[in-house]
Each structure stands twice: as structure tokens, then as C-alpha cells.
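Hello,

Here is the structure I said I would pass on. My notes on it follow below the model.

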Amino acid sequence: MDVDTRLLRYFTAVAEEGSLTGAAQKLFVSQPSLTKQIRRLENNLGVPLFARSRSGMVLTEAGRELAARVPALLEGWDEAVEATGRAARVLRLGFLDAGAVGAVHEVIAEFRQAQPEWRVELRQFDWSDASAGLARGEVDAAVVRLPFPEQEGLNVRELFAEERGVLMPARHPLANSGTVEFRELWDEPFVAAGAETGAWREHWLAAQEREGHPVRVGAVTSRPDEWLGAVAAGCVALAPASTARFYSHPNVVFRPVRGVSPSRVGLARPKGRTREAALDELLEAIARRLSRS
């Protein structure tokens, strides 16, 4: 039987916290999404792992057996992935959008010249995995936008912040404005990431900056092409300022927005992993370049 390691990490968080609420906060995911994933794991295994009550989540006998073995299993998997990368002399760097990585391509080119025995792979992930591959152990490090699910379990170094603006249809009444007030957009249909992305979705809907005004979701997408298409079809979307440089659509315009906090970009890597000198060197060079970009 194949089980997604993310499900095991979710299970561990619930077991440690003793509640779905606490685990969801720790993982930066929504509680309904976490509940769905725990049920998925139970369905895969064919046994209940928790006894649910008003006071919290209590491990069943089967759950206790699993909880005793999962930490070693996950640690062994992480070590195996890391060792495989070292043996192949491959450094894998995840990212979500071109605006966040900026000058990273130049840094990688310089690194390859200095250490030609190493291969560096840039891997782009869609927004259903806002950790850019780290949550599943698919990369060694990632350039990420904060906050994102499972952030607490990683080493995250914040590098820079950039203003957020809004993407809107070129025919929108505010399309010719110099700067748009966020409150003017509160009743617009917004493009959102999937509910499983938790705090990531909330940040890009600016849910905490609406003074209690409800969010109207007009479309749910996970990739830039879908995102731009949904805006061209009549939705709006908050986006980092770099979007105007890296993404374009003939029927979409970008405008600055007043009244929302900036987007923060960070460099993340797993905690407790064996240090690799080549990776340390590459990440330090990336951090220096992005911090002054």
C-alpha cells in the first residue's frame, strides 16, 4: 500500500497536538482540509486512528501503534532522499513563481561555473503545494512566499518583502486607476487557491484585512495560466508587484493597491538535516542576491 508522506506528517501533528484545531494552526492549513486528510489516511489503512470527542482527538490502539513508528519512518525517508541527492551531486531548489526567484538563475549559473561537478535543478510547483516541494521532500530547499502550510516545521529565512497589487480585467471600471483602494474590491469575485493551502489562501485573499467583510470567491486555481484566465473572465486577484514583469495576458491589467500588507519572500529548508557544504554555499549566495534585489 502506498501512503503519501504528507498524510503521515498530518497524522503526527494531530497526535502531538491532541486536537484538529491545534494541529491545523501548527501546519498552517484549514481545519476542514486537515480533517479530510486524516479521514483519507484512515480510509487508506482501513482502521480508525482517532477517537473523536468534544475534548479533542484521542489515539485508538491502532493509532498508537502508528504514532510509535511514524517518526522513525519519516526521518528515514528524509535521510534517504538527502543521501540520494548527495550521491548524485544534485541540488534541488523549489519555487512557485518567477517573481519570487528573481535573480536566482544568475546565482545558479555562477555556482555551476564555480562547482561544475554539481547539478542544480530548479523545480516549479503549483499553489496546491505552497511549500514548493519541501512538504513532500522533493527538494532540498525552496524560495517560498510566506506564510505557507507546514512552515513551522522548517527553517525559514525571510529575505525581502514586495508590495501586493491587484490583477483585474482590462475592461474593469477601476482598470484605469493609478492606485486602487482595497476596500473598493471587497465585493469583487476573487481568485483563490484551494482550501487545503490554509494560511496561504487566506493571505492572498487578504481575509484578515477586510474588517470582517466576507470574501467572495469567484474561482479556485492552482497555476498561473489558470489564474490569469480566471481574471480575464471577470475575477480579480491580489498579486505581488513582480507579477507585472513576469506574467502577462492581453485582457488583464495590474494596478497597485492601498490597504493590504506586502508579500514576504523567504528561503526555506528542512530542520535537522545533515549539512551539505555545496547547498549551504548556494543558499547563502541566493540569500545575498535576493535580499538586495
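At the start of helix α1, a side-chain oxygen of Asp4 comes to within 2.9 Å of the backbone nitrogen of Arg6 (a polar contact is a pair of N or O atoms within 3.5 Å; within protein, one must be able to donate a hydrogen and the other to accept it, and residues adjacent in sequence count only if both atoms are side-chain atoms). Helices (H or I, at least four residues) and strands (E, at least two) are DSSP runs, numbered from the N terminus.

This is a predicted model: local features need pLDDT of at least 70, side-chain atom pairs count only at pLDDT 80 or more, and totals for chains, interfaces and linings use all residues. Residues are numbered from 1 along each chain as its sequence is written, and side-chain values use heavy atoms, with hydrogens and water left out.

Helix α1 covers residues 5-17, and its 13 residues should span 18 Å at 1.5 Å a residue (the expected span is 1.5 Å times one less than the number of residues). The end C-alpha atoms are 19 Å apart, which agrees. Ten of the 13 residues are buried, so α1 is largely enclosed by the rest of the structure (buried means under 20% relative accessible area, exposed over 50%, partly exposed in between, with a 1.4 Å probe and protein chains only). Among the buried ones are Leu7, Tyr10 and Phe11. Just after α1, Gly18 has a positive phi of about 75°.

There is also an open sheet of four strands, in the order β8-β12-β7-β11, with mixed pairing (two strands pair if DSSP finds at least two bridges between them). Its edge strands, β8 (180-181) and β11 (237-240), each pair on one side only. Helix α8 (residues 224-232) packs on the sheet and touches β7, β11 and β12 (contact means heavy atoms within 4.5 Å). Strands β7 (residues 164-169) and β12 (residues 252-258) run antiparallel and are joined by five bridges, with Gly165 opposite Pro256 in β12.

Asn251 sits in the loop between α9 (243-246) and β12, and at 41% relative accessibility it counts as partly exposed. Not counting residues up to four places away in sequence, Asn251 touches Met168, Pro169, Ala170 and Ala232.

Some backbone points to check by eye:

- The peptide bond from Leu146 to Pro147 is cis, with omega near -5°.
- Ala132, not a glycine, has a positive phi of about 55° and is buried, at 0% relative accessible area.
- Ala206, also not a glycine, has a positive phi of about 50° and counts as buried at 1%.

Regards

Note on methods. Axes are lines fitted to C-alpha atoms, for helices over the stretch in contact, and angles run from 0 to 180 degrees between N-to-C directions.
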